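Subject: Structure handover

Hello,

Here is the structure for you to look through. My notes on it follow below.

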Amino acid sequence: MTGVDVPALLTFAAVLVLTSAVAVAARWFYRADVLPTPTDWAVAGRRFGTVTTWFLMGGTIYTAYTFVAVPGVVYAEGAIGFFALPYTVIVYPLAFWLLPKLWREARDVGAVTIADVVRVRYDSPGLALAVALTGILVTMPYVALQLLGIRTVLTVLGVYPAGMTGDVILGVVFAVLAVATYRNGLRAAAVIGFLKGVLVFAAIVVIMVLLGPPDRLFAEAERRSTGPPDLVSAGVDGGVVTTHLDPGLSTAYVTLAVGSALALLMYPHVLTAAFAARGEQVLRRNSVALLGWTALLGLFALLGVAAHALGVVVAQGRAELAVPTMITQLMPGWAAGAVFGALAIGALVPASIMSVAAAMLFTRNVYVEYVNPNTTPKQQTSIARFVSLLVKFGALGFVLLLAAQDTINLQLLGGVWVLQTFPAVVLGALTRRLSPAGMLAGWAVGMLTGTLLVTSGGFSAVVVLGGFQVYAAVIALAVNLVVAFAVSAVWRR
């Protein structure tokens with residue numbers, strides 16, 4: 001956009017102000033005297049019921065950047081962008097079994113982080129440290145990615161990158177979020193989660209009504225496609241998109257879906273939200289009910305096709321702007337601002353939980369374990385609050401000082417890295433054939449393998465193996481498992 005859309009910007013600001021006020025006032029919804037313990041600050045005392053957990057976990061898993069990036073991939077590359085749908089379906093049968101089990105383990109031993117669970121389960125400080133450091137490492141770029149989602153909206157509103165206005169808005173939004181999280185911990189994310197759920201679902205209903213029947217959108221997108229039936233990136237002229245998957249990309253599609261599903265439940269922010277549930281049945285109900293958020297994501301993915309059908313044109317390499325640009329064409333300014341406000345709120349929930357999760361991993365599994373084992377619970381909360389501020393402003397530094405592609409590249413690596421904790425978090429609950437030493441060795445080799453695969457391919461998450469395109473995280477996990485079982489077998493002997 002060439003100028004600032006004032007009505008949209010005012011509505012956008014009003015939504016953010018309302019959300020910020022609710023987040024800061026979250027303390028009104030609980031007793032203030034229960035805050036000082038890590039369990040109360042980080043996982044809300046494990047008190048959340050089914051409805052609160054649904055909004056919290058949905059708001060955590062389905063981030064703002066997801067709602068912008070997935071339709072952007074569909075717009076730029078066609079059908080392969082829909083891999084996010086099977087991946088968010090595959091994950092829930094695993095969640096139905098895994099999350100209640102981990103919740104029970106965490107409650108029984110007083111664990112607040114997944115590294116706490118690993119520490120007690122295997123009596124291995126080294127393996128717990130590996131899980132904690134991996135969680136912290138993958139969280140930082142993920143928080144920064146939420147800022148990129150907000151920045152995408154500000155770009156379409158015309159206030160970014162003009163001068164310092166966009167940076168100031170980003171800074172103010174995250175400063176308010178930092179204060180809310182510092183004061184209220186996970187409860188700040190919970191109250192924002194309600195607003196996010198209501199606004200995002202309402203927004204997609206309005207957008208779909210304005211767009212009309214989906215079959216017409218697909219037909220128009222196909223009509224506009226003039227290139228070969230493979231996946232061609234969108235350029236300044238609108239590019240070419242196909243709703244049919246190139247058969248040569250089938251292995252990439254499957255491994256992306258499966259690998260991403262396995263990795264999702266390893267992220268510290270997802271497990272932190274799960275640990276806040278009231279009980280195992282709450283998590284089982286949500287493992288079914290969260291499919292409603294997947295349906296929402298499917299509709300957002302469809303917007304990538306709609307952008308082509310409506311002839312939306314964005315600059316080369318800026319496909320994430322396609323859907324926000326389309327929204328400005330569909331709606332009057334004030335209505336578009338409300339939708340953009342909903343998308344911005346979508347960033348605040350996961351960013352808040354991610355900072356809490358990373359802060360507790362550092363406090364419990366690094367500081368207390370290796371620096372000061374005599375730290376009291378109240379001191380742990382104080383340290384975690386301070387670290388949560390560092391995480392947020394560190395992520396803000398990522399966005400302001402690094403190119404957007406650098407943050408995206410780090411997030412690609414994060415997905416590969418976090419999957420390497422799968423043996424310690426999941427497989428150890430299924431088999432005793434894996435020793436802590438074996439899992440630690442497998443983790444190290446898997447991290448190295450995944451990093452080399454992604455970076456050697458020019459930061460591509462999909463690499464060629466034996467003539468097939470495969471998600472690098474899956475290859476790294478396979479190497480991880482081979483090493484883990486081999487070292488475990490030698491260790492036992």
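A residue is called exposed when its relative accessible area is over 50% and buried when it is under 20%, with partly exposed in between. Asp 108 has a relative accessible area of 52%, so this residue is exposed. Please keep in mind throughout that this is a predicted model.

Overall picture

The protein has 493 residues, and 59% of them count as buried. Its secondary structure consists of 21 helices and 2 strands. Among contacts with a separation of 6 or more, 84% are between residues 24 or more positions apart. The accessible surface is about 18300 Å², and carbon and sulfur atoms account for 68% of that area.

The core

How many residues does the largest nonpolar core have? The count is 173, and the residues with the most contacts inside this core are Met 57, Phe 67, Leu 265, Leu 303 and Phe 340. Helix α16, residues 333–371, gives the most to this core, with 19 residues. For Phe 340, setting aside residues up to four places away in sequence, the residues touched are Phe 12, Val 153, Val 156, Leu 157, Pro 324, Ile 327 and Thr 328.

A buried glutamine

Gln 146 sits in helix α7, which covers residues 125–157. Its relative accessible area is 0%, so Gln 146 counts as buried. What lies 3.1 Å from a polar atom of the Gln 146 side chain? The backbone oxygen of Tyr 142 is found at that distance. Beyond the neighbours within four places in sequence, Gln 146 is in contact with Thr 63, Ala 64 and Tyr 65, and also with Gly 346, Ala 347, Pro 350, Ala 351 and Met 354.

Salt bridges

Side chains of opposite charge can pair when their charged atoms come close. In this structure there are 8 salt bridges. One of them joins the side chains of Glu 280 and Arg 104, at 2.6 Å from N to O. Glu 280 belongs to helix α13 (residues 280–289) and Arg 104 to helix α5 (residues 84–109), so this bridge ties together parts that are 176 residues apart in sequence. Glu 280 is buried, because its relative accessibility is 18%. Arg 104, with a relative accessible area of 30%, is partly exposed.

Another bridge is formed by the side chains of Arg 121 and Glu 105, at 2.7 Å from N to O.

Arg 107 is partly exposed, because its relative accessibility is 41%.

A patch on the surface

Val 4, Val 6 and Leu 10 make a nonpolar surface patch of about 270 Å². Of these, Leu 10 is placed in helix α1, residues 6–24. Its relative accessibility is 56%, so Leu 10 counts as exposed.

Regards

Notes
Residues numbered from 1 in each chain as written. Predicted model: local features only at pLDDT ≥ 70, side-chain atom pairs only at ≥ 80, totals over all residues. Heavy atoms only, no water. Helix = DSSP H or I, 4+ residues; strand = E, 2+ residues; numbered from the N terminus. Buried < 20%, exposed > 50% of the residue type's maximum accessible area, 1.4 Å probe, protein only. Polar contact = N/O pair within 3.5 Å; in protein donor to acceptor, adjacent residues only side chain to side chain. Contact = heavy atoms within 4.5 Å. Patch = residues over 30% accessible without salt bridge, like charges linked within 9 Å, V, L, I, M, F, W, Y side chains within 5 Å. Areas by Shrake-Rupley, 256 points an atom, 1.4 Å probe, with all protein chains shown as cover. Salt bridge = Lys/Arg side-chain N within 4 Å of Asp/Glu carboxyl O. Core = buried A, V, L, I, M, F, W, Y, C linked by side-chain atoms within 4.5 Å.
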